[in-house]
Amino acid sequence: MIFDDNRWVYEGLSRFNFFPNQKAPIGELPPCITSRQLTPEVAELVLAEEGPKARDATVGYDEVSYLMTRHDNIPRRLSLIHPVPYLRMAGHIWTHWNEISSAVGSENSAIKPERHDDARILIMNYEDVLSKSRHILSASFGKRFKVETDIASCFNSIYSHSIPWAVVGFEAEKARLRGEGVSHWSDRLDLMQRTAKRKETVGVSIGPGTSSIIVEIILGKVDARLREKGYEFRRFIDDYICFAETHDKAQSFLSDVGRFLSDYRLHLNLQKTSIVELPQPLSASWVTELSNALESLMLVASEQEDAKIFANGATQYLDLAIKLNRETRDGSILKYAFGSLIAWIHENALYDVSEYLINLAWHYPALLPYLDSLHDKFPESLNSYEPQLNAIIIENAKHRRSDGMAWPLHLMRKTGLKLTSETIESILASRDCVAYTLLFEMHQADDQIIAFAKDLLDQDYLERDEYWLLLYQLAYHDVIPLHENEKGFAVMLEHKVNFVPADDTKTTTEAYCDYLNNPFWEEGEGPLSMSDWILEQAKLGREVKDDPLGS
């Protein structure tokens with residue numbers, strides 16, 4: 001049982017920030033892929049079975065690649081890290097959270113670990129327009145210049161040894177390496193990070209919550225040094241905004257932030273660095289145009305009884321978004337447009353907006369998640385788009401875009417739409433792990449996928465790790481055996497962990513999490529162990545399914 005004031009950290013990392021799922025309101029992965037059943041209790045049992053130094057001395061672990069399409073249709077590589085090294089880092093961070101929390105609590109960071117309502121501890125959502133405007137107005141008063149810059153390939157450039165450098169300091173870490181000091185929790189986190197990524201010292205995986213915490217540990221130290229120099233700035237993950245009284249001070253900020261970053265082997269992205277004279281508009285011009293257009297539509301809609309936007313207005317609004325997107329090439333425009341529109345469209349406009357979105361999604365796969373939002377609002381919206389979704393999968397399979405395959409597969413799985421033989425062949429040719437996994441969950445091409453997986457079982461560690469999600473799910477469905485060396489996976493199977501659950505039914509360990517998270521306990525009652533809680537439920541006549549402890 002894991003119950004203390006910091007349990008939310010462990011549960012947030014294991015259940016809700018394991019996979020790339022840090023965007024709001026729409027995540028990077030389709031919602032059907034989830035780690036919610038990987039509770040802290042299961043995590044501790046996995047780690048006990050694997051041992052504290054699993055693969056430390058060998059090749060380490062590899063990870064599943066997930067290529068997510070950006071607005072320019074160039075994929076960005078996200079990672080589904082192997083569960084064993086990830087849970088080791090999550091457990092280690094939880095154990096030392098009282099010390100780590102101060103290291104990741106930079107007052108200049110707009111996005112840092114905290115307890116969110118949906119139980120995630122990291123959500124990479126930028127401030128809303130009003131909050132951002134208020135901050136800029138406050139921070140820029142009396143200043144003449146605004147500096148903007150970011151770190152070049154931040155996550156891919158993180159040097160793992162810089163974790164202890166940031167926490168204990170350069171000299172203390174050098175002394176430890178000379179045998180003159182004691183090991184620190186940051187040294188262990190350094191080793192765990194390297195083991196999770198093929199023993200490499202450069203780069204942290206993009207997506208897992210542990211990576212974001214590591215980045216905050218390092219950049220929090222840079223923030224502290226900048227504050228000591230008297231700069232007024234804000235950091236959004238790896239983007240800096242600073243307001244300065246003079247052009248010389250603006251230049252000094254760039255010089256200092258570049259110098260402090262270089263101490264940790266990080267560098268500024270000069271192509272995204274600028275100094276502009278104030279005042280300037282608070283929002284980009286396209287934000288203003290779209291906001292004004294939507295407000296006008298809402299004023300017209302308010303004259304109607306149900307205050308919704310009809311087809312003509314919705315189409316004109318999306319036409320404007322297309323025009324602005326062509327003029328500015330800002331990848332946020334189309335996502336912003338659909339995200340702000342979907343909540344207000346009238347049912348009679350459903351067909352027109354769906355048609356517009358499905359056509360744009362072929363060109364811009366980053367829009368596919370909005371089809372899911374539209375379907376949730378109007379369940380019948382996708383029924384006629386079976387040919388289009390097949391075509392989108394085929395197009396994205398050619399370019400190895402994971403999200404361009406995963407999201408349509410998710411949509412077709414939940415709506416019962418059929419894949420064509422050409423679509424299936426294109427997915428198989430892509431060799432994409434997430435697409436393979438969802439294809440099997442739809443029971444398409446089972447023989448080919450099972451044969452592929454059985455061949456993988458004969459490969460080395462790292463080759464298997466690149467498809468760990470597929471291998472685990474096939475073992476979950478009992479169509480292939482687990483590899484004998486995957487002891488942690490055996491524990492997860494025993495506790496019914498399914499990364500692609502068919503519904504919202506909770507496992508026993510999930511229900512136990514609900515119990516621990518409920519503060520309204522009976523008088524004199526404390527948190528029970530899982531086995532005692534199961535027995536207590538039995539006494540009360542409440543059935544607990546899939547009892548993992550055999551109580």
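Glu11 and Arg15 sit four residues apart, about one turn, in helix α1 (residues 7-16); helices here are DSSP runs of H or I with at least four residues, strands are runs of E with at least two, and both are numbered from the N terminus. The model is a predicted one, so local features need pLDDT of at least 70 and side-chain atom pairs count only at pLDDT 80 or more, while totals for chains, interfaces and linings use all residues. Residues are numbered from 1 along each chain as its sequence is written, and side-chain values use heavy atoms, with hydrogens and water left out.

The side chains of Glu11 and Arg15 form a salt bridge, at 2.7 Å from N to O. The term stands for a side-chain nitrogen of Lys or Arg within 4 Å of a carboxyl oxygen of Asp or Glu. By this rule the count comes to 33 salt bridges. In general, side chains of opposite charge can pair when their charged atoms come close. Glu11 is buried at 6% relative accessibility, and Arg15 is buried too, at 7%. Buried means under 20% relative accessible area, exposed means over 50%, and partly exposed is in between, with a 1.4 Å probe and protein chains only.

Arg15 also has a salt bridge to Glu510, at 3.4 Å from N to O. Glu510 belongs to helix α25 (residues 508-517) and Arg15 to α1, so this pair ties together parts that are 495 residues apart in sequence. With 2% relative accessibility, Glu510 is buried. Elsewhere, Glu245 and Lys249 make a salt bridge whose closest N and O atoms are 3.6 Å apart. Here Glu245 is partly exposed at 33% relative accessible area, and Lys249 is partly exposed at 27%. Through shared partners, salt bridges join Arg7, Glu11, Arg15, Arg36, Glu41 and Glu510 into one network.

Next comes helix α10 (residues 209-228). Its 20 residues reach 29 Å from the first C-alpha to the last, close to the expected 28 Å, where the expected span is 1.5 Å times one less than the number of residues. Of those 20 residues, 15 are buried, so α10 is largely enclosed by the rest of the structure. Just after the helix, Gly230 takes a positive phi of about 85°.

The largest nonpolar core has 158 residues, and the members that touch the most others are Ile213, Tyr240, Phe253, Trp468 and Phe499. Such a core is a set of buried Ala, Val, Leu, Ile, Met, Phe, Trp, Tyr and Cys residues joined through side-chain atoms within 4.5 Å. Helix α10 gives the most to this core, with eight residues. As a rule, nonpolar side chains in soluble globular proteins tend to be buried together.

Then there is the sheet. Strand β4 (residues 232-236) is mostly covered, with four of its five residues buried. It runs antiparallel to strand β5 (residues 239-244), and five bridges join the two; strands count as paired if DSSP finds at least two bridges between them. Glu232 has Phe243 in β5 as its bridge partner. On the other pairing, strand β3 (residues 145-150) and β5 are antiparallel over six bridges, and Asp150 stands opposite Asp239 in β5.

Put together, the four strands make an open sheet in the order β4-β5-β3-β6, with antiparallel pairing. Its edge strands are β4 and β6 (274-277), each of which pairs on one side only. Neighbouring strands are turned by 15° against each other on average, direction ignored. Helix α10 packs on this sheet, touching β4 and β5, and its direction makes about 170° with that of β4. Contact means heavy atoms within 4.5 Å; axes are lines fitted to C-alpha atoms, for helices over the stretch in contact, and angles run from 0 to 180 degrees between N-to-C directions.

Most residues other than glycine have a negative phi, and most peptide bonds are trans. Ile237, in the turn of the β4 and β5 hairpin, has a positive phi of about 60°, and this residue is buried at 12% relative accessible area. Arg400 is not a glycine either, yet its phi is positive, near 55°. Arg400 lies in the loop between α17 (386-398) and α18 (402-415) and is partly exposed at 41%. Leu278 and Pro279 are joined by a cis peptide bond, with omega about 5°, and Pro279 lies in the loop between β6 and α12 (285-301).
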